[in-house]
Amino acid sequence: MPRDHDAILLESTRVHRERLTAAFLHGEMATRRTTKDNVRRFLGSTVIAAVMCAGCAGFSFFQANADSLRGGGARTAPAPVSPAPTTAPQEAAP
């Protein structure tokens, strides 16, 4: 800790201003550090994460089914190709 009176006064003023600024921005010290605040942050973060997951799932669903949702009709599989008839070699009669 400095022994100079002016340095002590300047440090004290700086700390006082920081405390006033923190009180103005965040409220009184008694209401600033509560467990309820952290629980609210946790619940808010959980809700935001759930909404983001639902949005990603919806976007993925839309991308996978875009043709059928636009009215382009159901995707049809190509008709199966039947193999060409093969002629088996005939055996000679004895």
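A salt bridge is taken here as a side-chain nitrogen of Lys or Arg within 4 Å of a carboxyl oxygen of Asp or Glu. The model is predicted, so that local features need pLDDT of at least 70 and side-chain atom pairs count only at pLDDT 80 or more, whereas totals for chains, interfaces and linings use all residues. Residues are numbered from 1 along each chain as its sequence is written, and side-chain values use heavy atoms, with hydrogens and water left out.

**View 1. Glu11, Arg14 and Glu18 form a network of salt bridges.** The count comes to two salt bridges: arginine 14 meets glutamate 11 at 2.5 Å, N to O, and glutamate 18, also at 2.5 Å, N to O. Glutamate 11 lies three residues from arginine 14 in helix H1, and so about one helical turn away; glutamate 18 and arginine 14, four residues apart in H1, are likewise separated by about one helical turn. Glutamate 11 is partly exposed at 36% relative accessibility (partly exposed lies between buried, under 20%, and exposed, over 50%, with a 1.4 Å probe and protein chains only), as are arginine 14 at 41% and glutamate 18 at 44%.

**View 2. Helix H1 spans residues 5-26.** Its 22 residues reach 31 Å from first C-alpha to last, close to the 32 Å expected at 1.5 Å a residue (1.5 Å times one less than the number of residues; helices are DSSP runs of H or I, at least four residues, numbered from the N terminus). Glycine 27, whose phi is positive, near 90°, follows H1.

View 3. A disulfide requires a pair of cysteine sulfur atoms within 2.5 Å, and the count comes to zero. Cysteine 53 is exposed at 54% relative accessibility, and cysteine 56 is exposed with a relative accessible area of 54%.

Methods
Helices (H or I, at least four residues) and strands (E, at least two) are DSSP runs, numbered from the N terminus.
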